[in-house]
Amino acid sequence: MTMAARDLVTVARFDARLFWRDRTALGTSVTLFLVLGVGLPVMMDRLQPGRPEFVAAQHVGILSMLLVLATFGQAATTLTTRREQLLLKRLRATGLADRDILGGGILNLVLQNTLLTAVVSVALYALTSLPVPRDPLLFLVAVVAGAAVLCLLGTAFTPLIPRPELAGVMAMPFFLLAGVGAGGFGPLTEMLPGWVSTLLGLLPTDAIADIARIAYAADGTFGGDLAAAAGPALKLAVWAAIGFFALTRWFRWDPRKQ
C-alpha cells in the first residue's frame with residue numbers, strides 16, 4: 001500500500017471511530033436510514049400486496065432520498081463542526097494532504113452507506129415481495145457512485161453553512177427535493193408541471209434512482225444496461241465535476257471571520 005493510500009485509510013478509520021461515538025449522527029444517519037428504508041417499503045407492500053415492481057420503485061426512491069441525508073447532510077454537518085472546532089486546521093498541521101483529510105471522510109461515509117443499503121435491501125427481500133436486482137453489480141455501482149458524488153457535494157456545500165447548528169436545516173431542502181424527484185414520496189412528479197419535473201430530473205439523486213431502476217428492470221442485457229445507464233452516469237459525472245470545482249475554489253479550512 002502506498003503512503004497516500006495508507007493516509008487515506010487512516011483518516012477513514014479515524015472518521016469511522018468518531019462517527020460511531022456520535023449519538024446524533026447515529027440517530028439521523030443510521031437509525032433513520034434503517035427505519036425509513038425498511039419501514040416505508042414494508043408498509044407499501046402491505047397496502048398493495050403482490051406488486052413487486054411497486055415495492056422496487058419505492059425502495060429505489062426512498063434509498064436515493066436517504067442517501068442525501070446520510071451522505072450529503074452528514075458530510076456537511078461533520079465538516080462544518082470540525083471547521084468551527086479547528087479540527088480541520090489541526091489535521092492539516094499533521095502533514096496529511098488535503099485530499100486525504102477530505103477523501104478519508106468521504107470513503108468512510110461511502111462504505112457505511114453501502115453497508116446500510118445492503119442491510120436494508122436484505123431486510124426487504126425477506127419481509128416484502130421485493131425481488132433481487134437483475135443486475136446486482138449495476139445496483140452496487142449506483143449506490144457507491146451516488147454516495148461518493150453526494151458526499152463530494154456535501155463537502156463543497158460547507159462554505160455556505162455559518163455554523164454547525166444550521167447544517168441539518170440547510171441540507172433539508174435537498175432531502176425533500178430528492179424525495180419528490182426520485183419518487184421517495186410516491187409518483188408526485190406526475191402531478192407537477194412539466195418544467196418542475198424536468199428540473200428535478202437534473203438532480204444527482206434522479207440519476208442514482210435511474211441507474212438503480214435499470215438494475216431492477218425485468219429484462220435487459222449487459223450491453224443494454226450499459227447503454228441505458230450512460231445518460232444517468234454522465235449526469236453524476238457532471239455533478240461530481242461541479243462539486244470538485246466548488247470544493248477547490250471555496251472550501252474553508254478555518255472558521256468564518258466575523
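Start inside the protein, where the structure holds one cavity of 30 Å³ or more. Here a cavity is a set of points on a 1 Å grid over the protein atoms alone where a 1.4 Å probe fits but cannot get out. This is a predicted model, in which local features need pLDDT of at least 70, side-chain atom pairs count only at pLDDT 80 or more, and totals for chains, interfaces and linings use all residues. Residues are numbered from 1 along each chain as its sequence is written, and side-chain values use heavy atoms, with hydrogens and water left out.

**Stop 1: the cavity.** Select Val11, Asp15, Leu79, Arg82, Leu88, Leu91, Ile101, Leu102 and Gly105, which line the largest cavity; lining residues have an atom within 4 Å of a point. Its volume is about 40 Å³, taken as the space filled by probe spheres set on the points, which are joined across faces, edges and corners. Helices α1 (3–20), α3, α4 and α5 each supply at least two lining residues, and α5 gives the largest share, three. Helices are DSSP runs (H or I, at least four residues), numbered from the N terminus.

**Stop 2: Leu86.** Now move to the loop between α3 (52–84) and α4 (87–93), where you will find Leu86. Its phi is near 65°, a positive value in a residue other than glycine. Most residues other than glycine have a negative phi. Leu86 counts as partly exposed because its relative accessibility is 35%; buried means under 20% relative accessible area, exposed over 50%, and partly exposed in between (1.4 Å probe, protein chains only).

**Stop 3: helix α9.** Next, select residues 204–216, the 13 residues of α9. Is this helix largely enclosed or largely open? It is largely enclosed by the rest of the structure, because 11 of its 13 residues are buried. Colour α3, α5 (98–127), α6 (136–157), α7 (167–182), α8 (194–200) and α10 (222–250) to see what the cover of those buried residues includes.

**Stop 4: Asp206.** Stay in helix α9 and pick Asp206, which counts as buried because its relative accessibility is 12%. Leaving aside residues up to four places away in sequence, Asp206 touches Gly181, Leu200, Gly201 and Lys235. Contact means heavy atoms within 4.5 Å.

**Stop 5: two annotated stretches.** An unreviewed UniProt entry places the feature "transmembrane region" at several stretches, including residues 25–44 and 56–80; such annotations may be inferred rather than shown by experiment. Residues 25–44 are 100% helix, with end C-alpha atoms 27 Å apart. Residues 56–80 are also 100% helix, and their end C-alpha atoms are 35 Å apart.

Definitions and conventions:
The expected span of a helix is 1.5 Å times one less than its number of residues. On a 1 Å grid over the protein atoms alone, a cavity is a set of points where a 1.4 Å probe fits but cannot get out, and a pocket is an open set with protein on both sides within 12 Å along at least five of seven lines; lining residues have an atom within 4 Å of a point.
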